Amino acid sequence: MSASAIHAQTTADPAETVTAIFATLDEELRELHLALRVELAALYEQDRAYRDERLLLESVTAQDPLLESAQRALMRLDAREGKYTLALRRYQELRARLAHELNVEPAAATQRLYETLRAARVAQTQPSNLPHALTRLIGRTQDLVAIEKFWRRTRLVTLVGAGGS
């Protein structure tokens, strides 16, 4: 809201007008600060600095538990770590809080993420005949990320090449 709009809504008392302007600016700066911190968390995610990403997002959601972009990022991070139950619980808590405080449903993007995570949790709990990895692939982070991207788009990924190279 502009300063002139605030002035038009307040009484002729200049002190009240200034107080209202500063309160509006303070809220706008707070929202901008939180949005920038969510963007920084996305950069942490790109750099695979997941611990820093989590700490930042948890700090943001502690300040504003209704900020869906931060909640979605935490849900994705929980899922990446295999914590689907935590991610789904996070959604349920957000949904309840939005309904209670604002009488609204989560945004469509948040609902889609929830449905995707529900399906992934079901798929994760289904038994597989593949053995569990006994060792980690050292120095193959980029390759693993590329394989993960393919895996998300299709049900079958074939890796070709000499083993151990």
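These legends accompany several close-up views of a predicted model.

View 1. Welcome to the overall picture: the chain holds seven helices and zero strands. Followed along the sequence, its pattern reads α-α-α-α-α-α-α. Of the 165 residues in the chain, 22% are buried. If you look at contacts with a separation of 6 or more, 46% of them involve residues 24 or more positions apart.

**View 2. The largest nonpolar core.** Ten residues is the size to look for here, as the largest nonpolar core has 10 residues. Its members are Leu34, Val38, Ala41, Leu56, Leu57, Val60, Ala70, Ala73, Leu74 and Leu77. At least two residues of this core come from each of helix H2 (14-46), helix H3 (50-63) and helix H4 (68-80). H4 supplies the largest share, four residues. Apart from this core lies another one, of nine residues, including Tyr84, Leu88, Tyr91 and Tyr114. As general background, nonpolar side chains in soluble globular proteins tend to be buried together.

**View 3. Around leucine 74.** Leucine 74 is one of the residues of the largest nonpolar core. Which residues does leucine 74 touch, once its neighbours within four places in sequence are left aside? The contacts are Arg54, Leu57, Glu58, Thr61 and Arg90. Among them, Leu57 is also listed in the largest nonpolar core.

**View 4. Helix H4 against helix H5.** H4 packs with helix H5 (residues 84-102) at an angle of about 160°, and the two axes are 7 Å apart. That angle makes H4 roughly antiparallel to H5, because it is over the 145 degrees that this description requires. The crossing of the two helices is left-handed. On the H4 side, the contact is made by Glu68, Gln71, Leu74, Met75, Asp78 and Ala79. H5 brings Tyr84, Leu86, Ala87, Arg90, Tyr91, Leu94 and Leu98 to the contact. Sorted by class, the contact has nine nonpolar, one polar and three charged residues.

View 5. Now zoom in on methionine 75, found in helix H4. Is methionine 75 buried or exposed? Methionine 75 is buried, because its relative accessible area is 0%, and the cut-off for buried is under 20%. Leaving aside neighbours within four places in sequence, methionine 75 is in contact with Ala87, Arg90, Tyr91, Leu113, Tyr114 and Leu117.

**View 6. Arginine 48, a loop residue with a positive phi.** The place of arginine 48 is the loop between H2 and H3. Its phi is near 60°, a positive value in a residue other than glycine. For context, most residues other than glycine have a negative phi. Arginine 48 counts as partly exposed because its relative accessibility, 33%, lies between the 20% and 50% cut-offs.

**View 7. Asparagine 103, another positive phi in a loop.** Asparagine 103 is found in the loop between H5 and helix H6 (108-125). Its phi is near 60°, again a positive value in a residue other than glycine. How accessible is asparagine 103, and what does it count as? At 70% relative accessibility, asparagine 103 counts as exposed, because the cut-off is over 50%.

Conventions
Residues numbered from 1 in each chain as written. Predicted model: local features only at pLDDT ≥ 70, side-chain atom pairs only at ≥ 80, totals over all residues. Heavy atoms only, no water. Core = buried A, V, L, I, M, F, W, Y, C linked by side-chain atoms within 4.5 Å. Buried < 20%, exposed > 50% of the residue type's maximum accessible area, 1.4 Å probe, protein only. Contact = heavy atoms within 4.5 Å. Axes fitted to C-alpha atoms, helices over the stretch in contact; angles between N-to-C directions. Parallel < 35°, antiparallel > 145°, perpendicular 65-115°, else oblique. Left-handed = near helix turned anticlockwise from the far one by under 90°. Nonpolar A, V, L, I, M, F, W, Y, C, P; charged D, E, K, R; others polar.
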